[in-house]
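The following exercises concern a single protein model. Please study the sequence and the structure below, then work through each task in order.

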Amino acid sequence: MDLQVYQVDSFTTEAFKGNPAGVCITTNGLSESLMLSIAEEMAVSETAFLSLSDMRLRWFTPKAEVKLCGHGTLAVAHVLKESGQVKSGDSVNFETLSGRLTAFINGSTVELDFPSPVIEFYVPQSQDLLDHLGIEASKVISFGHFDTKVFIDVDNEEILKKLQPNFEAMKQTNGRGVLVTARSNSHELDFVSRYFAPWVGVNEDPVTGSAHCALTVYWSEKLGKLKLKGYQASERGGYIATELLSNGRTKLIGSAVTVIKGVMQVPVV
């Protein structure tokens, strides 16, 4: 069986920047085992699978399925537009494990309507996790949990940029993902962030759209503004414009670039 596959760099206007996502769009859904095998073969942080018959969208890391993926959703919307299946001005609804997600197609960007998480800050700090990340407890402004992930605000952008986590040590503890953020030193940005998820095979995610929903909730309240601009300070780096909507959901705005188109030859079992 031949499957059309793509690799798309999301949340960037340049190839080899932003976050690469695999994309596989089929008429009908694939088996879960096959999707996981394809994700392992694509070997990027997430591969997105869209079934056109029911518009069901799923995302897999090389190790596991995830409930929400911003850059993978952006990549799918970008491929749909590039292949002529949707056009500027259209909106596309996807059925996902996180409910219905909508992508609004613009000329050069895509707007994603995503759910906003609740961040619980009344939780004890994990000294082991801070040690594995290389963060001094005295530098932590906020420590919380959202969607089974850890949220940490540190008091200096330079601390965030210099982090060199011990991923092997992190994997020996229970976890799902860690989002570290700080207020930006730049007048053009509101915040910076990094995201680590070695437990699911992604030591550092280049640009994490879903994490920006939590970042939008946090920084919107802290800075007293609804529209924000963030930069994820990974090696590849990427920019996301966000907005906290009146209904409590989050809008993520970004661009994408297709870097690979091809056919994957999948054995029929």
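**Exercise 1.** Determine whether Ser-138 is buried or exposed.

*Solution.* Step one is the criterion: buried means under 20% relative accessible area, exposed over 50%, and partly exposed in between, with a 1.4 Å probe and protein chains only. Step two is the value: Ser-138 has a relative accessible area of 59%, so Ser-138 is exposed. Step three is the location: Ser-138 lies in the loop between α3 (127-133) and β9 (140-146), where helices (H or I, at least four residues) and strands (E, at least two) are DSSP runs numbered from the N terminus.

The model is predicted, so local features need pLDDT of at least 70 and side-chain atom pairs count only at pLDDT 80 or more, whereas totals for chains, interfaces and linings use all residues. Residues are numbered from 1 along each chain as its sequence is written, and side-chain values use heavy atoms, leaving out hydrogens and water.

**Exercise 2.** State how many disulfides the structure holds, and examine Cys-24 and Cys-69.

*Solution.* A disulfide is a pair of cysteine sulfur atoms within 2.5 Å. The structure holds zero disulfides. For Cys-24, the nearest cysteine sulfur is that of Cys-69, 15 Å away. For Cys-69, the closest cysteine sulfur belongs to Cys-213; the distance is 11 Å, and therefore too far for a bond. Finally, consider accessibility: Cys-24 is buried at 2%, and Cys-69 is buried at 3%.

**Exercise 3.** Identify the buried residues of helix α1 and explain why they lie on the same side.

*Solution.* First, list the residues: in α1 (residues 32-42), Leu-34, Met-35, Ile-38, Ala-39 and Met-42 are buried. Second, these residues cover an arc of only 140° around the axis, so they are on the same side of α1; the arc is that of the directions from the helix axis to the C-beta atoms. Third, look at the face turned away from the buried side, which carries the exposed residues Ser-33 and Glu-41. Just after α1, Ala-43 takes a positive phi of about 60°.
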